[in-house]
Amino acid sequence: MTEQATNSNLRKSQGQVVFEYILLALCLCVIALRTTLTESPNAPSTSQLHNLGDSLYSLSISAVPILLLVIWLVFSLCSKRFVYRPTSIEIGLCLFVIAAVIACFAAANKRAAITGSIVLLSPILMAVLLVQILDSHAKVKLLLIVIAALGMVSAYHCAEQFFISNQMDIAQYEKAPETILKPLGIEPDTFAHMLFEHRLYSEDVRGFFTTGNSVGAFAMLASFAAVALFIDKFKNRKSSPSGPLYLVTSAIVAAAVIFGLALAHSKGAIAAALIAAAMFALYLLFGNWLKTHKKVIMISCLMVIIAGGSIVVLYGLSHGRLPGGNSMLVRWQYWYGAAQMYTDHPLTGVGPGNFTNYYPHYKAAEALESVADPHNFLLSVLAQYGPLGLVGFLAIILIPLWKVIYPKRLSAPRKARHPPQGFAVLAAVFLVVILTAMLLIRPIVFPLPTDALPEEKKAAAVILYVMPAVVFALGFCLLAAGAKTSKRDTSNITVAALFCAAVSVLVHSLIDFAIFEPGVFSTLCAVIACLVALGFNANHRRSLALKPALFARVVVLAAGLIFIWAYFSYALCPVAKAGTKTKQAMQDARYIHRLLAQAAKDDPLDPAALNLNGRCYLEHYNDTGSKQPALLEQAAESFLGAINRNRADFKNFERLTEVYTLMAKTSSGQAKADWLKKALASASTAVERYPGCGRLRIELAKIAENLGNNQHAIDQYKMAIGIEEKYRRQFQIMYPGRNVFRRLGEDKYNFAIERIAELAKQPTPYPPGKNQTDGKMHAEFLWNLCSFRLYNKMKNYFCRFWDKCMVDEISVIRAVLRGDVDSFRLLVQRYERPVIAMIKNIIDDYHACEDIAQDVFLTAYKKLSSFDPARSSFPTWLFTIARNKSLNAAKKKRTLSMSNLPENPDSFTPANSLTQQEFFDRLAQVLQTLPAKQKTAFILAEFEKLPYEQVAQIEGVRIGTIKSRINRAKRKLRLALKSFEEDGL
């Protein structure tokens with residue numbers, strides 16, 4: 001049975017009211033802990049133990065709101081009447097949960113996916129619970145007081161960092177740099193060292209969060225909560241003799257929180273806060289007019305958002321960056337990589353918490369750092385949860401905000417229920433509970449260093465534990481004072497302030513990831529819950545009253561127990577067991593391998609223990625005087641196990657490559673070749689996972705060189721150098737005036753250059769097992785002719801002598817850029833005939849071809865400084881110029897004649913017989929009938945022997961499009977030349 005209830009609180013028993021106060025207090029403790037402890041469960045960490053602790057703490061604190069909601073449901077259903085307030089979150093929540101489950105199954109690292117989804121779902125479920133228990137303005141006011149007081153704590157910590165801690169860190173670093181760098185795993189005079197110094201001397205203020213941007217996002221929420229409380233005091237200042245005093249106390253808290261926002265130095269947060277402040281001021285000044293014209297305003301805002309977003313995207317696509325400073329340059333790189341990631345996983349996304357594993361595959365080669373989030377909450381959700389997850393996430397946030405703008409008044413508004421006479425006692429109880437949680441739990445989660453001196457521990461305990469509690473108590477008391485004297489209803493202003501706060505966080509999170517900080521997102525969900533609850537309290541929404549049957553109660557109770565069991569069995573307990581074993585292993589080196597193996601068994605989804613065990617085996621092998629191959633075998637087994645649990649992370653493949661390379665060094669003969677082949681395969685996979693890493697490419701080149709594949713080694717060395725040069729250019733843009741730190745290091749960079757020069761002098765041997773007189777040649781002759789592979793093989797063989805004498809292209813280009821103009825003729829001599837042949841395929845006029853070719857090389861010479869070896873090879877770059885010049889010359893006569901093949905049959909072509917000449921004539925005729933795009937792609941790939949990637953770059957399309965064009969062209973050629981196959985040709 002269902003009935004409508006407009007005042008659900010009247011239907012609750014005294015026991016249920018007390019029970020809900022307890023639930024509210026626990027929810028406020030969760031918010032307090034999450035906003036005063038740095039929490040980043042899936043972020044990469046220099047300390048494995050630190051990261052494991054973060055995951056365990058995040059799962060533990062996330063379990064509290066989830067279990068509270070389950071307990072509330074069971075308790076309420078077991079009562080005589082079950083009253084539920086629809087939150088407008090339910091539909092989006094269902095969609096998001098479905099998307100999260102699908103994404104977890106599709107994720108490479110399923111443990112990270114489960115942890116990430118739970119950490120994100122927990123605040124949403126807490127919001128659903130808060131809507132049910134925030135059934136009075138007194139409770140809403142308590143929640144806002146806690147948020148504002150926590151904002152004051154954050155401001156205190158920011159001030160402590162800005163004025164004291166940062167200066168002490170700088171002094172300690174300048175006195176003994178190694179004491180700080182070594183625990184962080186940072187080597188001196190490296191890029192990581194430079195970044196550390198940059199952050200240190202910039203005096204970054206992060207408060208209790210991971211970045212200053214996150215501090216700014218939380219400060220915005222706390223600021224608007226404080227402002228709403230201040231306005232409430234202002235409206236009721238005449239109702240009590242102490243009203244002006246209470247007004248001053250609220251103003252002090254609001255000013256402190258805003259001061260913390262300023263200390264964070266987050267440009268994005270400050271800009272978003274100013275936008276939200278302008279919105280709030282407009283509401284205060286023109287509220288009635290805005291309500292009258294809200295439909296026009298909403299349509300205008302929507303059009304502005306669509307137009308602005310389109311302009312930003314178009315600007316980024318055309319300029320390769322976003323408008324603004326250097327931070328906008330790297331943000332576009334994050335966005336572009338995330339968009340590419342989504343296009344490869346369009347339905348499920350890569351999985352929650354898996355962005356950091358996949359991002360290196362899409363990271364721009366010149367990008368200085370890898371990130372764990374694209375700094376745009378829309379792209380972040382889309383890339384990790386897929387389109388269904390994005391729709392659900394937006395529905396969770398936007399539908400409640402939409403209903404704030406368009407409320408449905410169901411009856412005449414009730415007179416606001418003022419805080420009860422016992423509000424001061426209630427506030428005191430809540431203050432004691434929250435302070436107890438802060439003082440007891442924060443030292444456990446964030447303990448003091450064990451090696452510190454007693455005096456240092458006392459000072460640190462005061463700064464880290466006592467002072468935050470004192471500041472929170474002070475802010476709470478300043479805001480709670482005078483609350484019982486409120487007589488005028490200011491709920492509309494409170495709704496407007498909280499609405500602007502939520503909008504400010506959403507706007508800010510379009511260029512940052514602050515919304516996904518657990519503390520920020522928990523506070524945002526609490527603010528949304530306040531907005532929904534205020535709608536119920538103003539009779540804008542209906543509650544549902546149910547009388548569940550006994551069977552329904554039993555089913556709900558069983559479902560709740562099963563859910564709790566599943567959470568502990570599959571989410572919390574495996575992480576706790578594995579984390580405990582891992583911590584024991586790092587503290588007791590005697591049983592390190594056994595304990596890590598047990599940790600891997602305790603958590604069958606997490607690759608961390610296996611990866612750590614493999615690294616320990618490697619370290620043990622290197623430290624052992626007598627090399628033990630068994631250690632390498634154990635290391636390989638561990639890394640293979642880690643790969644099975646996470647195939648997206650390049651680091652496991654990189655470590656496995658190191659193991660196979662060491663095995664090859666201890667072997668000989670065929671066994672050595674086999675290990676090198678395995679190392680080559682593993683290194684190739686690592687490079688595939690992280691193509692923009694020059695270090696990986698150099699290791700791959702070394703292995704290829706040991707296997708005798710010199711050309712492959714040269715290509716990888718060139719790519720490593722190109723990546724490094726591209727990185728250097730962006731470094732100079734990002735950090736003008738600073739000395740450029742090589743990411744590869746000077747030794748590896750110079751080594752790559754030397755190996756290119758040395759290998760270029762050596763002939764490339766035929767691959768073992770190949771014989772030019774193989775009897776299968778005639779059976780494959782048709783295929784060789786159609787694709788011209790045989791022609792290219794013989795052509796390459798003829799040009800081998802020239803290649804031996806030819807100086808490396810990159811060296812030639814550098815010589816030309818240094819002023820050695822004569823060196824450019826070497827490039828002209830090498831590419832003149834291929835360029836003319838390509839132009840002739842577009843312009844069937846030999847004299848015009850020569851003129852265009854001259855123009856091509858002249859343009860190439862003028863623009864040589866713009867050539868980027870990391871983006872494309874020199875032939876690709878040169879052929880792109882030739883193609884554009886030819887198409888401009890052809891204009892509307894784009895006939896793409898193929899009557900002249902790249903070379904007439906001569907001593908360098910596959911055959912001289914009359915039958916084979918007929919074959920070429922027929923091939924030319926068939927090529928004439930192909931569509932222009934198919935012909936061009938086929939000529940570039942098969943005549944000029946360019947890789948598909950380069951053809952795609954020249955044509956300006958995706959590689960899949962090029963493959964499709966070439967395959968269609970080959971099918972048509974085989975069909976037209978079928979008669980030659982029947983003749984045995």
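## A buried lysine and its surroundings

Lys363 is buried (under 20% relative accessible area, where over 50% is exposed and in between is partly exposed, with a 1.4 Å probe and protein chains only) yet has no salt bridge, the nearest side chain of opposite charge, Glu366, being 8.0 Å away. Here a salt bridge is a side-chain nitrogen of Lys or Arg within 4 Å of a carboxyl oxygen of Asp or Glu, and for charge Lys and Arg count as positive and Asp and Glu as negative, with His and the chain ends not counted. The model is a predicted one, in which local features need pLDDT of at least 70 and side-chain atom pairs count only at pLDDT 80 or more, while totals for chains, interfaces and linings use all residues. Residues are numbered from 1 along each chain as its sequence is written, and side-chain values use heavy atoms, with hydrogens and water left out.

Lys363 belongs to the loop between helix H13 (355-362) and helix H14 (377-405), where helices (H or I, at least four residues) and strands (E, at least two) are DSSP runs numbered from the N terminus. A polar atom of the Lys363 side chain lies 3.2 Å from the backbone oxygen of Ala367, and the side chains of Lys363 and Tyr690 are joined by a polar contact of 3.3 Å. Such a polar contact is a pair of N or O atoms within 3.5 Å; within protein, one must be able to donate a hydrogen and the other to accept it, and residues adjacent in sequence count only if both atoms are side-chain atoms. Leaving aside residues up to four places away in sequence, Lys363 touches Glu369, Ser370, Tyr690 and Arg743, a contact meaning heavy atoms within 4.5 Å.

Elsewhere, salt bridges are present, and their count comes to 14. Arg34 pairs with Glu39, the closest N and O atoms being 2.9 Å apart, and both Arg34 and Glu39 are buried. Arg695 forms a salt bridge with Glu654 at 2.8 Å between the closest N and O atoms; this pair links distant parts of the chain, with Arg695 in helix H25 (residues 694-706) and Glu654 in helix H23 (residues 650-665), 41 residues apart. Because its relative accessibility is 29%, Arg695 counts as partly exposed.

Helix H25 also holds Glu699 and Lys702, 3 residues apart, about one turn of the helix, and their side chains meet in a salt bridge of 3.7 Å, N to O. The charged end of Lys702 sits over the ring of Phe751, 5.2 Å from its centre, a description that requires NZ of Lys or CZ of Arg within 6 Å of the ring centre and within 35 degrees of the ring normal.

Aromatic pairs come to 25, where rings of Phe, Tyr and Trp (its six-membered ring) pair if their centres lie within 6.5 Å, and planes under 30 degrees apart count as stacked, over 60 as edge-to-face and the rest as tilted. Phe472 and Phe476 form a tilted pair, 5.9 Å centre to centre with 40° between the planes, and both lie in helix H16 (residues 454-480). Phe472 counts as buried because its relative accessibility is 0%, and Phe476 is likewise buried, at 2%. Trp565 and Tyr570 form an edge-to-face pair, 5.9 Å centre to centre with 90° between the planes; Trp565 counts as exposed at 53%, as does Tyr570 at 51%.

Over the protein chain, the secondary structure comes to 38 helices and 3 strands, and buried residues make up 51% of the 985 residues.
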